[in-house]
Amino acid sequence: MSQVLQSIPSGHEQVSCVSAVTDQNPSYDDLLGAVEYLLDERKHLMQRLTFAERTAQEFCEQARYANSLARTAQTSIILAKDQTKSESKSKAGVPTTWIGGSWLAPSESVLAPAETAWQDGNAQKALTMVTLLFQRHDITVSEDVHMNLFTSAILRASGDLAQAGKYAEDALVIAREADSYMLASKAEFHRGLCFLKQNRFAQAQWCLVLASHLEGHQDQIEANRVFADERRRNLGPSDSGRKFDLACI
């Protein structure tokens with residue numbers, strides 16, 4: 001019993017032991033500060049990781065975009081060589097003029113009066129005239145496509161972008177069903193201008209590339225394509241259409 005009592009420290013020794021243990025452990029404030037520091041560092045690391053992931057995704061998307069453009073351009077060159085020449089023979093040597101900055105006239109003879117009306121500054125009269133043409137049953141595929149695109153151009157110039165885009169889409173469908181590369185290229189040109197007006201620069205650039213072999217439109221196509229590319233780069237992926245609309249293909 002005496003040996004057990006001897007092993008128990010006295011009151012003074014007990015206080016000393018408690019003080020020593022307390023001095024060796026960090027205070028609550030120290031622990032709280034350390035935890036807050038670690039949480040802050042974790043926050044910064046997560047932000048950097050998120051930025052790195054977004055950057056990597058953008059690089060991958062740009063690479064896929066460039067590859068798609070290259071494949072499409074290569075295919076377009078092959079398809080364009082003979083078809084564009086044969087479809088443009090009848091219009092060789094005919095003087096042309098741009099109406100409203102986006103419509104190359106003359107196009108089809110049935111549209112000549114409407115084109116003249118628009119060129120004279122009467123867009124509403126031109127729109128009414130082409131609307132009446134849609135009621136005819138003897139129009140050709142080429143006339144149908146040009147009527148839709150002419151309507152799209154007038155609506156785009158007046159600011160009705162939703163309807164302008166719809167008419168351009170309809171023209172593209174008709175051109176594809178007819179398997180006409182030239183008509184499809186012209187439809188892509190006007191779709192690109194609609195996307196450009198809507199600030200959808202990635203889609204606009206894509207459609208203008210698809211229209212790059214459209215005869216008589218090269219200067220307009222290149223100028224608008226360069227503009228779309230510059231705006232897309234300046235705005236960044238979040239504002240220019242990061243999820244690329246493959247409907248342009």
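**Entry 1: Arg232 and Asp229**

I looked up Arg232 and found its side chain in a salt bridge with that of Asp229, at 3.2 Å from N to O. The model I am reading is a predicted one. Both residues sit in helix α10, which covers residues 218-235. They are 3 residues apart there, so about one helical turn separates them. I also checked burial: Arg232 and Asp229 are both buried.

**Entry 2: Glu188 and Arg176**

The side chains of Glu188 and Arg176 form a salt bridge of 3.5 Å, N to O. Which helices does this pair tie together? Glu188 belongs to helix α8 (residues 181-197) and Arg176 to helix α7, so the bridge links parts that are 12 residues apart in sequence. I then looked up the exposure of each partner. Glu188 has a relative accessible area of 4%, which means it is buried. Arg176 is partly exposed, at 42%.

**Entry 3: Asp170 and Lys166**

I stayed with helix α7, residues 161-177. Asp170 makes a salt bridge with Lys166, and their closest N and O atoms are 3.2 Å apart. The two residues are 4 apart in the helix, so the separation is about one helical turn.

**Entry 4: helices α5 and α6**

I turned to helix packing. Two packed helices are described by the angle between their axes and the distance between the axes. For helix α5 (residues 123-133) and helix α6 (residues 141-158), I read an angle of about 155° and axes 10 Å apart. Angles over 145 degrees count as roughly antiparallel, so α5 is roughly antiparallel to α6. The crossing of α5 past α6 is left-handed.

Which residues make the contact? On the α5 side I listed Ala123, Ala126, Leu127, Val130 and Leu133. On the α6 side I listed Met147, Phe150, Thr151, Ile154 and Leu155. I sorted the contact residues by type and got 9 nonpolar, 1 polar and no charged.

Note on methods. Residues numbered from 1 in each chain as written. Predicted model: local features only at pLDDT ≥ 70, side-chain atom pairs only at ≥ 80, totals over all residues. Heavy atoms only, no water. Axes fitted to C-alpha atoms, helices over the stretch in contact; angles between N-to-C directions. Parallel < 35°, antiparallel > 145°, perpendicular 65-115°, else oblique. Left-handed = near helix turned anticlockwise from the far one by under 90°. Contact = heavy atoms within 4.5 Å. Nonpolar A, V, L, I, M, F, W, Y, C, P; charged D, E, K, R; others polar. Salt bridge = Lys/Arg side-chain N within 4 Å of Asp/Glu carboxyl O. Buried < 20%, exposed > 50% of the residue type's maximum accessible area, 1.4 Å probe, protein only.
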